[in-house]
Amino acid sequence: MTFLRYPSPRYFSQCSRRFSTPIKVAIVGTGPGGFYTAHHLLNKSSADKVIHIDFFEKLPTPFGLSRYGVAPDHPEVKNCEEFLTNLMKHFKLSSSSASASALKQEQRHKVRFLGNVEVGKDLKLANLEKYYNSIVLAYGSTSSDNKLSIPGSNLPGVIPARQFVNWYNGHPDCYKKGEEYIPPALEKIEDVTIIGNGNVAIDVARILLADPKRHWAQTDIAVDAEKLLEQSKVKNVRIVARRGILESAFSNKELRELLELKDAKFLPLSQPELLQVLATKKLDRVAKRRLSLLEKYNNTLETTSNKDKRTWSLEYLQSPVEFLAADNGKLEATKFVKNKAIDDPLLPGQIAPTDEHVVVKNELVILSIGYQGTPIGGFEELGIWFDKNKLHNKGGRVLLKKSAGENDANLTYKKGWYTSGWIKNGPKGAIATTMMDSFDTAENILKDLTNGNYIQVDDGQDILESDELPKEKEIVYWSNWEKLNEYELEKGKELGKQRYKVCNKQDMLNVCKA
Ligand code: FAD
Ligand code: NAP
């Protein structure tokens, strides 16, 4: 005999809710983590679901690190921005009609962009629960970076890559009127050391090495940065890693781009024996390719045509131990300890310091040793578990802070709260990785919506009709951003640039309002 299992009355009430009322989702952050989550939610939700998404963005501009991280000479990477632009085109609610009644009437997916709103500061995080069934934290990891606590770290010539990147990409944090960020005096500097050899280090090296007029001027690089690069006296850039060649954090594509740069010459490895040792090892395809690239360019001879070029080098197995100042207090050198690789198959990639040191002349050190995720205000109150670099989560579902003695087997989810992008996994991963991972988060949100695992809210409430946001707050809607976008593209055309970036926040708001 077969038994028919009837759904519970709760099931029917959930179904009717799903059919009649839009699911409201808040996404904090409009970088790839945020917009790929939204894309998947709207494209993969079942026909019975209507989803209304509000994006909250701290800056007046969307796109996160696509606008403020990706190097200006990689415009093709920024094509990812079309995902958000297309969502806004297809599903937007104009700001003026974005009222609760409008949201209710339209039984289709809708998306709103609320820029210049910093969640945790302009808007209390916990209050999102009054308006949204699901909340996705996708605010990235760009407000801090890893530090080196060694003598001399505080010298003005030792700067984080994050700040340097923000400067050349025109991030408003570097262009505050009256308290502008002072970029390194490139017009006086010859020797630069970059610590760390990830892809950010390679981007920074390319900025310093490529010819500004030929390579940078026509990109969307900040105009002030390009002007300073034109005056740059930088002659030599060293990229120094604490581990060996196999542990290089850059990808081969980025390495090859730097090796092929017409304006700079790659200096032979100061430790060529590293290549020989590796030739005897069993390597995977990526490592083999890296090695063959390095071998090829390691033997480039000096010619009259490359004699006066800027030079750059890759240094391995060296850790900085002190930044040294001259009598005038300015940075003049870095002292490194030489490391040796521990040849233990159980500890691949491990190193140990030797007694040998080397001192290298440099007037500028750029620390490219990783970005750092930080919590936003309100996690304590909500019990959300953040430590080190990221939000604790399982498949993007945010976890509640463990109580003392609690083991990982019975961790609890914070119902309706999710995370995507760098703040989900720590500050690592290219855009393609971020995309796939954001789809995973979205998939779990959809599952939870189907199973009734979401925050219950009063459907009639619209955050824009509440007093949650300060009255004087100038919210940047998508239509405002479109004005700024048009202005930047138009002015860029006049100047022969892909885009002229407005860098100061108030200037941006003025264009948005115009
Ligand atoms: P982000 O892109 O940082 O987006 C987070 C967004 O949240 C930002 O817009 C931020 O303003 C906003 N936000 C922060 N706090 C709040 C708040 N409290 N309230 C509201 N909004 C908030 N990958 C590639 O594939 N190719 C590249 O060429 C490439 N270049 C890179 C260059 C650099 C210098 C860096 C650092 C990374 C680069 N990446 C590149 C990696 C890529 O940028 C990341 O994978 C991706 O941007 C991570 O997306 P995200 O949404 O998690 O974070
Ligand atoms: P990263 O790839 O993690 O590289 C960090 C580097 O810093 C590594 O070489 C690391 O060495 C070193 N480091 C860390 N702590 C150190 C310390 N205390 N002392 C000395 N060295 C230290 O980080 P990233 O370069 O900031 O890039 C972040 C992410 O963005 C990466 O996933 C990257 O691929 C992505 N990105 C992609 C592109 C692109 O696709 N074109 C461009 C930029 C960024 P160890 O390995 O020894 O720890």
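Q: What makes the pair formed by an oxygen atom of ligand 2 and a polar backbone atom of G429 a polar contact?
A: Happy to start there, keeping in mind that this is a predicted model.

Q: Which backbone atoms of V200 and S368 count in the same way, and how do you know?
A: For V200, a backbone N or O atom lies 3.2 Å from an oxygen atom of ligand 2. For S368, a backbone N or O atom lies 3.3 Å from an oxygen atom of ligand 2. As for cover, ligand 2 exposes 910 Å² when taken alone, and the protein buries 75% of that.

Q: Why is ligand 2 said to lie between domain 1 and domain 2?
A: Because domain 1 (17–142 + 373–476) and domain 2 (145–370) both give residues to the shell around ligand 2.

Q: What makes up that shell around ligand 2, by count and by class?
A: There are 18 residues around ligand 2, with N199, R242, R243, E254 and G429 the closest. Sorted by class, six are nonpolar, seven polar and five charged. Helix 7 gives the most to this shell, with three residues.

Q: Turning to ligand 1, how do you know that E57 makes a polar contact with an oxygen atom of ligand 1?
A: A polar side-chain atom of E57 lies 2.6 Å from that oxygen atom. The limit is 3.5 Å, so the pair is a polar contact.

Q: Which elements give two or more residues to the shell around ligand 1, and which gives the most?
A: They are helix 2 (32–44), strand 2 (51–57), helix 7 (199–209) and helix 15 (431–450). Helix 2 gives the most, with three residues.

Q: How many residues are around ligand 1, and of which classes?
A: There are 35, and G33, E57, W422, G429 and I431 come nearest. By class, the shell has 18 nonpolar, 13 polar and four charged residues.

Technical notes
Residues numbered from 1 in each chain as written. Chains lettered and ligands numbered in written order. Predicted model: local features only at pLDDT ≥ 70, side-chain atom pairs only at ≥ 80, totals over all residues. Heavy atoms only, no water. Near = heavy atom within 4 Å. Polar contact = N/O pair within 3.5 Å; in protein donor to acceptor, adjacent residues only side chain to side chain. Helix = DSSP H or I, 4+ residues; strand = E, 2+ residues; numbered from the N terminus. Nonpolar A, V, L, I, M, F, W, Y, C, P; charged D, E, K, R; others polar. Areas by Shrake-Rupley, 256 points an atom, 1.4 Å probe, with all protein chains shown as cover. Domains from an automatic or database assignment.
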